[in-house]
Amino acid sequence: MNSTFVHQVMNKNLIFVDNSTSIQDAAKKMTDEGIGCVIVKNDGKSVGILTERDFVTKVASEGLPLFTDVSEIMSSPLITIPYDDTIWEASEIMKSKKIHKLPVIEKDNVVGIITTSDIIRISSLGSDSQMRKICDDILLRISKSPSG
């Protein structure tokens, strides 16, 4: 993970919405694109993020009307990571800030997003072969045991 960079695994499929977009319109865009968040912009600048979790903790639990502006429930300020940082640095930010989605910036622009799922996927590369070796060792021990 120390030598894997954020830009190598980030998702570039982003949806941006204006801060005056209704939460219903934002939810529709997220559903249509099959993504878990949108980046919120104000005057062309990325200022926040709206995630599925925000819908649960801020919309559904508080009974907010669907015409509410995303600016009222978005997470802000936007916590980001530079394009050329490592996955290790991304996971440290996510852990310390208790977030699951981390926008990636390059030259002050959001160019991608990295999620905890991305980090887990990268972390588990190679583990199949390690698990296979463990299973083979167990099977070998079982076959050599008196009751096997």
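Q: What makes two strands count as a pair in this predicted model?
A: Two strands pair if DSSP finds at least two bridges between them. The model is predicted, and by that rule β4, β5 and β6 form an open sheet of three strands in the order β4-β5-β6, with mixed pairing.

Q: How do you know that β4 and β5 pair?
A: There are two bridges between β4 and strand β5 (residues 101-106), and the rule asks for at least two, so the two strands count as a pair. Their sense is parallel. In β5, I105 is the bridge partner of P82.

Q: In what sense do β5 and β6 pair, and over how many bridges?
A: The sense is antiparallel, over six bridges. K101 stands opposite T115 in β6. β5 and β6 form a hairpin with two residues between them, and K107 in the turn has a positive phi of about 50 degrees.

Q: Why are β1 and β3 said to stand at the edges?
A: β1 (16-18) and β3 (45-51) each have a single partner strand, so one side of each is left without a neighbour in the sheet. That sheet is open, with three strands in the order β1-β2-β3 and mixed pairing. From one strand to the next, the twist averages 35 degrees.

Q: What makes strand β2 and β3 a pair?
A: Six bridges join strand β2 (residues 37-42) to β3; the rule asks for at least two, so they pair. The two strands run antiparallel, and C37 stands opposite T51 in β3.

Q: How is the packing of helix α2 and helix α3 described?
A: Two packed helices are described by the angle between their axes and the distance between the axes. For helix α2 (residues 23-33) and helix α3 (residues 52-60) the angle is about 150 degrees, and the axes are 11 Å apart. The crossing of α2 and α3 is left-handed.

Q: Which residues of α2 and α3 meet?
A: I23, A27 and M30 in α2 meet E52, F55 and V59 in α3. Of the residues in this contact, five are nonpolar, none is polar and one is charged. Glu counts as charged, therefore E52 is the charged residue here.

Q: How do you know that K41 lies over the face of F16?
A: K41 is at 4.7 Å from the ring centre of F16. The structure holds zero aromatic pairs.

Q: What is the phi of K98, and where is K98 found?
A: K98 has a positive phi of about 55 degrees although it is not a glycine. K98 is found in the loop between α4 (87-97) and β5.

Key. Residues are numbered from 1 along each chain as its sequence is written. This is a predicted model: local features need pLDDT of at least 70, side-chain atom pairs count only at pLDDT 80 or more; totals for chains, interfaces and linings use all residues. Side-chain values use heavy atoms; hydrogens and water are left out. Rings of Phe, Tyr and Trp (its six-membered ring) pair if their centres lie within 6.5 Å; planes under 30 degrees apart count as stacked, over 60 as edge-to-face and the rest as tilted. A charge sits over a ring if NZ of Lys or CZ of Arg is within 6 Å of the ring centre and within 35 degrees of the ring normal. Axes are lines fitted to C-alpha atoms, for helices over the stretch in contact, and angles run from 0 to 180 degrees between N-to-C directions. Helices (H or I, at least four residues) and strands (E, at least two) are DSSP runs, numbered from the N terminus. A crossing is left-handed if the near helix is turned anticlockwise from the far one by less than a right angle, and right-handed if clockwise. Contact means heavy atoms within 4.5 Å.
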